[in-house]
Amino acid sequence: MVCSPKASPSFPWSPFFPQPGSLSSLLPGAMLMAIRLKGMEPSETVVLTREIAASGTTLDWPAQWRGLLVDKHSTGGVGDKVSLPLAPALAACGCKVPMISGRGLGHTGGTLDKLESVPGFSVSQSPEQMKEILERIGCCIVEQSQYLVPADKVLYALRDVTATVDSLPLIISSILSKKMVEKLSALVLDVKFGSAALYHTLESAEQLARNLVSIGNQLGMKTAAVLSRMDEPVGGRVGNSLEVLEALQCLEGGGPGDLRELVTTLGGLLLWQSGRASSVPTGATQIGQVLDNGAALHTFQAMLQAQGVEAEVSRLLCEGTEEQRLAVLKVAGTQEELRAPEEGTVQQIQALPIAQVLHGLGAGRTQEGQPVNLRVGAELLVSTGKRVAKGTPWIRIHHDAPRLSQTHRETLEKALILGDVEPFTPAAKVQQLECS
């Protein structure tokens, strides 16, 4: 089928695939530092991306899928569970979604960790298995295997130890090389900006978005980008298993408005790019319809079973009550609430302090391969723009420690910004689109 492995990878640094930090990694490490210091021309970034993609196998799909293969990528955030409802919603609209996702690192969450909070879910799928799942279900969410862009995994690890994580050409080549091997017809990128994002300002995020769109199009993928705010969490729940619960609410046509906004906007863009909608708003309406009528939820349930979840477990998750869902996903041993210190209007709930506390409680990792506590998380009990009374519970922390430390409490207190202003409607998450 599906894969065309190369007998000898064309990636020029393949002799240096031993452990990062060894003598054999000095040459690629020096190259990364040179790229970080000197930058790259767009044409050079295109060449680098192609070579990284060519370091492993390339997925190959049936000819009749041409024009249907779509995917998205997010630059990372807090509470960002968009992929979970988006992939099945797109599949319910007739697309094929071979989504290769990642794990959380630092304060940002990972799609694979969220899905692994579902008992039995297997993110490890061979190219042949991916093709079979796409044939039957229309979507799968999998990890980057050892056969797909292995050079990216090596370079990513080296970037961490060579202080080159923020290099624009390296970010672009890492993101787009993984999408190239999926043989996509259309790609949408959710580029975050704000205090809890890789790029803090809209202007710096715009630069990344424009470069990603330009180079993605040069590589043969119809590419667009959304710039979205990442000062506050996406939705009202943060943490792996809690985010699955909120994704299920979205798949039922409910859930937080900002989550639905991102899912319908990104999905609408992909349906328009792939020719399945006459405009972005029309595509967004189609995504909303499959969320509301149960088609996306049914597809998600089928994907769970196709990737190893027992039928009864998937039924309880997708058709059960919240109590039944919590019984499947398991609940942390302790829940503690913090209360508003005074009366006021919630001006902002900052994502970064919440993510830092959850990370310290075991929800995140500091290095690749480190285990995480999938039950650790937070529920926001108030929302931005609303008036709250002094003593109102505003956040509930789920954890397995005996109790929150004073440091944890002080950090969390920084997240709630109250003001003596009138209640208001929060700004939309999506700030702008980049489509050319």
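At what angle do the axes of helix H3 and helix H12 cross? The close-ups below take up this question and then visit two other spots in this predicted model.

**View 1. Helix H3 meets helix H12.** Here you can see H3, residues 83–92, beside H12, residues 295–306. Their axes come within 8 Å and cross at roughly 105°. Because angles of 65 to 115 degrees count as roughly perpendicular, H3 is described as roughly perpendicular to H12. On the H3 side, the contact is made by Leu84, Pro88, Ala89, Ala91 and Ala92. H12 contributes Ala295, Ala296, Thr299 and Phe300. Sorted by class, the residues in this contact of H3 with H12 are eight nonpolar, one polar and no charged.

**View 2. Ile354 in the largest nonpolar core.** Look around Ile354 and, leaving aside neighbours within four places in sequence, you will find it in contact with Pro233, Ile349, Ala378, Leu380, Ile395, Leu412 and Ala415.

**View 3. Gln273, a buried residue of helix H10.** Gln273 belongs to H10, which covers residues 257–273. With a relative accessible area of 8%, Gln273 counts as buried, because the cut-off for that word is under 20%. A polar atom of the Gln273 side chain lies 3.3 Å from the backbone oxygen of Leu187. Setting aside neighbours within four places in sequence, Gln273 is in contact with Ala186, Leu187 and Val188, and also with Lys222, Thr223 and Ala224.

Definitions and conventions. Residues numbered from 1 in each chain as written. Predicted model: local features only at pLDDT ≥ 70, side-chain atom pairs only at ≥ 80, totals over all residues. Heavy atoms only, no water. Axes fitted to C-alpha atoms, helices over the stretch in contact; angles between N-to-C directions. Helix = DSSP H or I, 4+ residues; strand = E, 2+ residues; numbered from the N terminus. Parallel < 35°, antiparallel > 145°, perpendicular 65-115°, else oblique. Contact = heavy atoms within 4.5 Å. Nonpolar A, V, L, I, M, F, W, Y, C, P; charged D, E, K, R; others polar. Core = buried A, V, L, I, M, F, W, Y, C linked by side-chain atoms within 4.5 Å. Buried < 20%, exposed > 50% of the residue type's maximum accessible area, 1.4 Å probe, protein only. Polar contact = N/O pair within 3.5 Å; in protein donor to acceptor, adjacent residues only side chain to side chain.
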